[in-house]
Amino acid sequence: MAALVEFRGVAYRIGHRTVLDNINLRIEPGDAIVVLGRSGSGKTTLLRLVNALIFPTSGEVLFDGQSTRDWDPIRLRRRIGYVIQEVGLFPHFTVARNVGLVPRLERWPPETVQARVTKLLAEVGLPAEQFGPRFPHQLSGGQRQRVGIARALAADPPLMLLDEPFGALDPITRLDLQDQFISLRNSTAKTILFVTHDVREALRIGTRIVLLDDGRIDTIAAPQDFVRAPSPEARAFLNCLEIR
Amino acid sequence: MSMSAEVLSLTVQHLWLVFVSIAIAAAIALPSGIALTRARHTRRWALAAASAIQTIPSLALFGFLIPAPLLGGIGPRTAVIALVLYALLPILRNTVTGILAIDPAVRESAVAMGMTDRQVLLQVEAPLAARTIVAGLRIATVTTIGTATIAAAIGAGGLGVLVFRGISMVDSRQVLAGAVPAAAMALAADGLLAWVERRLSPR
């Protein structure tokens, strides 16, 4: 099967600092890859390479078989959903307008946009008639992040990039959103690249876990194998689970 | 000419000086301000240069401009050039700070959603910075109304004519006949632009 995303010998340097080095990774359609790592391990950089917010200093990143350098960045980004911890909803747009952003950019007819927005808001548990006309500042953190996810799903992109999307939420809301996210993923069969520093979250959400340590891939394993991974960095993360 | 007719015609002249100066200053400073938000290194220099102009006393700047070739001379043109130079900084600075104050996460998601530079500017940055930009225009307009009274010193007309004449004739009635309409104009402009500012995108 052709990979949806492929990292080929990717390195990313800023001046003399190496942020990512020798990254080789294939993401097949339907995968839910969780990139796990400490702060500063290069997780976010890895994500930003996929939608051409940055380009590798060596090697290449392929999306749909084509290097991100050869893609028109606008076309590429509209095929990739993007969710970040700070959500980044437009404060001057209503919830409905925020969610309908990419479809409108893609010039869908207004009725189609509206139907899509209504459907997505229902899927993330925020009925459109109630939440559609509100502004982001009128929502709770968890609600805002749901809107962020709905916005990223709006144009039905084959790939979703998520950068610690639940990192700023309280633990109970986080668990709730993780559950909702997992069922949403099961129903939509999206390919996911999800960044987190929370090993528990990684084990719940991923079909494969990619552990990054100081810009290099330390371990790639399915969750059931990851819990037995021998590397010191993997052990360090797994120790976080044994507090109780 | 009766006193009231003279006050009226000088008021119109004054308004015109201010209007032309602000229009030109905005036409220069708004696009430059937007460009400067994309050019970190030039930004410091350009803002420093605009601030430096502000430190020149206005009477001295008018004086410097009179002998200047092409730009200078006596009359409204020279006055407009000086007024434009003074109005640049508040508009420029507020455009830059208004855009840079936007939550970086908002801009990042705009770009990552696949908005073009133009769409980011028109749909995200401009509306979110509008209040701050109008506040800059307001400061520029109010100060220009005041500074424009000094333009009479180089023969540009306006309400300053009455003020200067009143001073030289030790006639406080004439000073007031110039100063009061100028102050009223400044208050009216301030109120109008404050209203526009309030109406723009409450967050």
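This is a predicted model: local features need pLDDT of at least 70, side-chain atom pairs count only at pLDDT 80 or more; totals for chains, interfaces and linings use all residues.
Mentor: Residues are numbered from 1 along each chain as its sequence is written, while chains are lettered from A and ligands numbered from 1 in the order in which they are written.

Trainee: What makes residues of chain B count as in contact with chain A?

Mentor: Two residues are in contact if their C-beta atoms, placed from the backbone, lie within 7 Å. By that rule, 15 residues of chain B are in contact with 17 residues of chain A. On the chain B side, α5(B) gives the most, with 6 residues.

Trainee: Why are β1 and β4 of chain A called antiparallel partners?

Mentor: Strands are DSSP runs of E, at least two residues, numbered from the N terminus. Two strands pair if DSSP finds at least two bridges between them. Here 5 bridges join β1 (residues 5-14) to β4 (residues 58-63) of chain A, and the strands run antiparallel. A:Arg8 stands opposite A:Glu60 in β4(A).

Trainee: What makes the sheet of order β2-β1-β4-β5 in chain A open?

Mentor: The sheet has 4 strands with antiparallel pairing. β2 (17-27) and β5 (66-67) of chain A each have a single partner strand, so one side of each lacks a neighbour in the sheet.

Trainee: How do you know where the domains of chain A lie?

Mentor: Domain bounds come from an automatic or database domain assignment. Domain 1 is 1-79 + 158-216, and domain 2 is 88-156. Their centres, taken over C-alpha atoms, are separated by 23 Å. The contact takes 10 residues from domain 1 and 13 residues from domain 2 of chain A.
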